[in-house]
Amino acid sequence: MGPLWFSPPVYVKTKRPGIRNGVSHVEGAAEELMGWDTKGPKWTKAVQSCVDEFEGTVSPQEVREAFEAAARRPTCISPLSSRYHDAHLVRPSGVRED
């Protein structure tokens, strides 16, 4: 069986500064999740959704939603900043956050 695709991709930071990875399939999401140091309830849900998709009980799009939710972990960089930065999630260049 080939990759189980979803769209749009979820862009996540890599360990190399300035490099990001566009995850667009369930296998890539599972691989990315296994490499994270920080794990919590949203991480657990995302991993379980990958397993569920492999078993055919959820869609790739549901995996994408759980993976994106796990990647969105806001932390405040500066008390002067009104913006937040995600621990893993990055936005493609030119994409605005409303």
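Buried here means under 20% relative accessible area, exposed means over 50%, and partly exposed is whatever falls in between (1.4 Å probe, protein chains only). This is a predicted model, in which local features need pLDDT of at least 70 and side-chain atom pairs count only at pLDDT 80 or more, while totals for chains, interfaces and linings use all residues. Residues are numbered from 1 along each chain as its sequence is written, and side-chain values use heavy atoms, with hydrogens and water left out.

View 1. The protein chain has 3 helices and 4 strands; helices (H or I, at least four residues) and strands (E, at least two) are DSSP runs, numbered from the N terminus. Of its 98 residues, 33% are buried. Take the contacts (heavy atoms within 4.5 Å) between residues at least 6 apart in sequence: 44% of them join residues at least 24 apart.

**View 2. S24 in strand β2 (residues 20-25).** S24 counts as buried because its relative accessible area is 17%. Leaving aside residues up to four places away in sequence, S24 touches L4, W5, F6 and P9.

**View 3. A cis peptide bond between S7 and P8.** Omega for this bond is near -5°. As a rule, most peptide bonds are trans. P8 sits in strand β1 (residues 5-13) and, at 45% relative accessibility, is partly exposed. Look for H25 too: P8 and H25 are 17 residues apart in sequence, with their C-alpha atoms 9.8 Å apart.

**View 4. K13, also in strand β1.** With a relative accessible area of 38%, K13 is partly exposed. K13 and A71 are 58 residues apart in sequence, yet 9.5 Å separates them in space, C-alpha to C-alpha.

**View 5. Helix α1 (residues 26-34) against helix α2 (residues 41-54).** The two axes come within 10 Å and cross at roughly 145°; axes are lines fitted to C-alpha atoms, for helices over the stretch in contact, and angles run from 0 to 180 degrees between N-to-C directions. The crossing is left-handed, a term for a near helix turned anticlockwise from the far one by less than a right angle. On the α1 side the contact uses V26, E27, A29, A30, L33 and M34, and on the α2 side W43, A46, V47, C50, E53 and F54. That makes 10 nonpolar residues, no polar ones and 2 charged. Here Ala, Val, Leu, Ile, Met, Phe, Trp, Tyr, Cys and Pro count as nonpolar, Asp, Glu, Lys and Arg as charged, and the others, Gly among them, as polar.

**View 6. What covers the buried residues of α1.** V26, G28, A29, A30, E32 and L33 are the buried residues of α1. Their cover includes β1, β2, α2 and α3.

**View 7. W36 and F67, a stacked aromatic pair.** The structure holds 1 aromatic pair, and here the ring centres are 5.8 Å apart with 25° between the planes. Rings of Phe, Tyr and Trp (its six-membered ring) pair if their centres lie within 6.5 Å; planes under 30 degrees apart count as stacked, over 60 as edge-to-face and the rest as tilted. W36 is in the loop between α1 and α2 and F67 is in helix α3 (residues 60-71), so the pair ties together parts that are 31 residues apart in sequence. W36 is buried at 3% relative accessibility, and F67 is buried at 0%.
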